[in-house]
Amino acid sequence: VSYPSIVGEMLASGFSIMGFSWICSPACTELEVVVMDWLAKFLNLPQHFLHENEGPGGGVIQGSASEAVLVAVLAAREQAVRRLRLSQPELSESEIRGKLIAYSSDQSNSCIEKAGVLAAMPIKLLPAGEDLVLRGDALKHAIEQDVEAGLIPVICIASLGTTGTCAYDDIESLATICEQNDVWLHVDAAYAGGAFALEECSELRRGLERVDSLNFNLHKFMLVNFDCAAMWLRDANKVIDSFNVDRIYLKHKHEGQTQIPDFRHWQIPLGRRFRALKVWITFRTLGAEGLRAHIRKHIRLAEQFEDLVKADERFELIAPRALGLVCFRAKGDNEITSQLLQRL
């Protein structure tokens, strides 16, 4: 965390804004639009994720990756139900919902499995390859089996930087299968997403122009304190249509007069905190190059530690170093590694 972020958090807490719509606090909403476009440009994301571009895409700040993943799962579910009620009117809504299924890697974060529980939709955890990467072939095989069994594929959640080893799923091959089967593709880049900002890590961005949504935690790699998770949507209307509930007390006279969104439609809760302020102050104080230098420092430290592990015959690497993560163990019985962990 950084002191600019702490200052922003203190100010936001003092203002005590409930920024669920623009009228509650124009600055809360408009600054979030600004910083989400700043972030998208900083991370070199596809243009269709920017608010400033014409089209339905845009970014929003969620509390955590868990919220972002759940929003994607729920929106994909509701869009699938609406689509199938039109294309297969002989099926009731309950019949459709009982056939829905989602996919992810067995290396993915626990929040993805939890999203399936909360959305009442099974998430099948597919076996990753020996390199711990999920590829399109595994997804294709699973979808074919499930379609034959009468199930309806809805969404695939890929990981860029798995929790265990920071492995990167093959986004391009997964996107091809998702496009062929009308399946929503979400990318959880909670940790590794910060590296999108580095040109030397540009290979991590391959295929992002083909995904429907993605998330990245600023509280992991960007010196912003918890909670602050950025989420971008290719077509925000799919989320708004899925979550929109209008009551008379939520209406205001400026609705429809501006392109500024009411972010209450983009999230699970109604109220929301002024998280954009701490992002703005951090960016303005440290600068884009300062943030890139911070990420590179973490990578250099991991490279240094990797060299130390390799030089010590008592230890071994069990996965390739990825960004700031080095996975290693003591040679011999696992009990030795357990004892080392307890001592640390």
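Predicted model: local features only at pLDDT ≥ 70, side-chain atom pairs only at ≥ 80, totals over all residues.
1. Residues are numbered from 1 along each chain, and side-chain values use heavy atoms, without hydrogens and water.

2. K220 is found in helix α8 (residues 218–221); helices are DSSP runs of H or I with at least four residues, and strands are E runs of at least two. With 41% relative accessibility, K220 is partly exposed (buried is under 20%, exposed over 50%, partly exposed in between, with a 1.4 Å probe). Beyond its neighbours within four places in sequence, K220 contacts A190 and Y191 (heavy atoms within 4.5 Å).

3. D188, in strand β5, is buried and has no salt bridge (a side-chain nitrogen of Lys or Arg within 4 Å of a carboxyl oxygen of Asp or Glu). The nearest side chain of opposite charge to D188 is that of K220, 7.0 Å away. The D188 side chain does make a polar contact with the side chain of N215, at 2.9 Å (N or O atoms within 3.5 Å, one able to donate a hydrogen and the other to accept it).

4. Helix α7 (residues 171–181) buries I171, L174, A175, I177 and C178. These buried residues lie within an arc of 165° seen down the axis, so they line one face of α7 (the arc is taken from the directions from helix axis to C-beta atoms). Their cover includes α6 (136–148), β4 (152–159) and β5 (184–188).

How values were computed: Lys, Arg positive; Asp, Glu negative; His and termini not counted.
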